[in-house]
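Dear colleague,

I am passing on the structure we spoke about, and my notes follow directly below it. Please read them with the coordinates open.

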Amino acid sequence: MELLDITSAFYSWIRGGLLVLFVYHFVIYLQNKDNVHKYYSIYLFCLTVYVIRDAFTNPVVQHYYEYISFSIQYMGYAYFVAFCRSLVNCKKYFPKLDKNAKILSYVLLAFSFTLVLVQYFFGYEVQKKVVAYSVPLSSFCAFYVFYILSKRKTRQVKYLLVGAVLFLIFANISSIKMIRGEFYLIDFKVHRMFYYFVGAIIQSTIYAILIGNYFKEIFEKKREAEISLLTQSNQISELKMIALKSQMNPHFLFNSLNSINNYVIQNKVDEASNYITKFSSLVRKVLQATNENTISLEEELQIIAIYVKLEQMRLKGNFTVNQTIDKTIPLNKVRVVPLFMQPFIENAIWHGLSLKKGDKKLSINITRKTDNIEVSIKDNGIGIRASKNRKSANPVKRKSYGINIVKERMRLMYGDNYDVVIEEISCDNETGTLVVIRFPLD
């Protein structure tokens, strides 16, 4: 009967199918350089190498297969564990479990090489016994991987588990028949490897669909982020006019959109979404503020908080912010020029802190001085002189009118009852810039 002949067309078709799937996933890996396709293509390669063993009748080939037939399976299992880790994103969601799974992969790889040494020194029969006694280890590995997968309650994981469990059942039937005899357990007129072949092709088919859906979802999320980016981009023309009115530097707006675009390109969907949310909130508040001649100091601080957070995200959080506010100040009643703090904070970040190495700090203090409000903005950056020297050495120069516009609008609002002082901090142990802004409480 055909199913009893391991070299028959039925088994050849399955071998060919596994080979085609291996080539398919390997080509996709070469195009995208992603770990999911890399580990899965290696796993399929090991599986394919194992199942084509009986297609060769040459004694020399069979002799060498005695060295690798068991070893290649355990090597494949090691890369299957790595494939599961990548697909489930175990490192992000379960870092402790991921470390153990990584160690498990190394153990399986070490065991695969150990089997080669056993074959070399003790022969094939001893190697078969070692494999038989390793069943508890294999079972433990399998159930540990299943345990990790079960932590993620997604449709992908369900299919991953179904494919893994089915293959494990079929492969174990073949292994038991290899050790106990052709007709042990199930007395069908088929070759003992029939179950292994069937399990392998079922699993591979399920996983081909699974991986396709996995990347389809990634592309859909990326497209949604790109749509959000386009929505924000459509506001650029209006935002440039807003920037002139509200003192917000247009370069900040363009750079923010570029930051979102970079997150999208790098497929960092969560980061892009977080940035877009904060950026949209800032734009909305700026739109509201610029329709008013004055806003409350409370609203001003809310806008500045979002602005500073966006700048921290752009600079990968490499500076800290400390803010203290005098509790006697009625923040919701004090009226101020919209975004009067923004250009000073922008200068502190980009002309002071971003150019400095080491610990970077920005301090914002708001205190009440009798009938006045005093706002101090202090950074421990490179200082005014060093910043000017860098600007003069830079052939690309850009004028910034933000601070002058703030002063002009404060003059219109307070007359001569305001003051803006910018000082350099320069001593043996400290550098930086201090800005003090004073205006009437009422």
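How many residues apart in helix α1 are phenylalanine 26 and tyrosine 29? They are 3 residues apart, which means that about one helical turn separates them. Please keep in mind throughout that this is a predicted model.

Phenylalanine 22 also lies in helix α1, 4 residues from phenylalanine 26, again about one turn of the helix. By the ring criterion, the count comes to 26 aromatic pairs. The rings of phenylalanine 22 and phenylalanine 26 have centres 5.9 Å apart and planes at 25 degrees, so this pair is stacked. Phenylalanine 22 is buried at 17% relative accessibility, whereas phenylalanine 26 is partly exposed at 34%. For phenylalanine 26 and tyrosine 29, the ring centres are 6.3 Å apart and the planes stand at 40 degrees, so that pair is tilted; tyrosine 29 is buried, with a relative accessibility of 17%.

Helix α1 (residues 9–32) packs with helix α2 (residues 35–51) at an angle of about 155 degrees, the axes being 8 Å apart, and the two are therefore roughly antiparallel to each other. Their crossing is left-handed, and the residues of this contact comprise 12 nonpolar, 4 polar and 2 charged. On the α1 side these include Phe22, Phe26 and Tyr29, and on the α2 side Tyr40, Leu44 and Phe45 are among them.

Elsewhere, Phe10, Tyr11, Phe194, Tyr195 and Phe197 form one aromatic cluster. Serine 86, in helix α3 (residues 59–88), is buried at 19% relative accessible area and, leaving aside its neighbours within four places in sequence, is in contact with Asn35, Val36, Tyr39 and Tyr214.

Best regards

Notes. Residues are numbered from 1 along each chain as its sequence is written. This is a predicted model: local features need pLDDT of at least 70, side-chain atom pairs count only at pLDDT 80 or more; totals for chains, interfaces and linings use all residues. Side-chain values use heavy atoms; hydrogens and water are left out. Buried means under 20% relative accessible area, exposed over 50%, partly exposed in between (1.4 Å probe, protein chains only). Contact means heavy atoms within 4.5 Å. Axes are lines fitted to C-alpha atoms, for helices over the stretch in contact, and angles run from 0 to 180 degrees between N-to-C directions. Angles under 35 degrees count as roughly parallel, over 145 as roughly antiparallel, 65 to 115 as roughly perpendicular and the rest as oblique. A crossing is left-handed if the near helix is turned anticlockwise from the far one by less than a right angle, and right-handed if clockwise. Ala, Val, Leu, Ile, Met, Phe, Trp, Tyr, Cys and Pro count as nonpolar, Asp, Glu, Lys and Arg as charged, and the others, Gly among them, as polar. Rings of Phe, Tyr and Trp (its six-membered ring) pair if their centres lie within 6.5 Å; planes under 30 degrees apart count as stacked, over 60 as edge-to-face and the rest as tilted.
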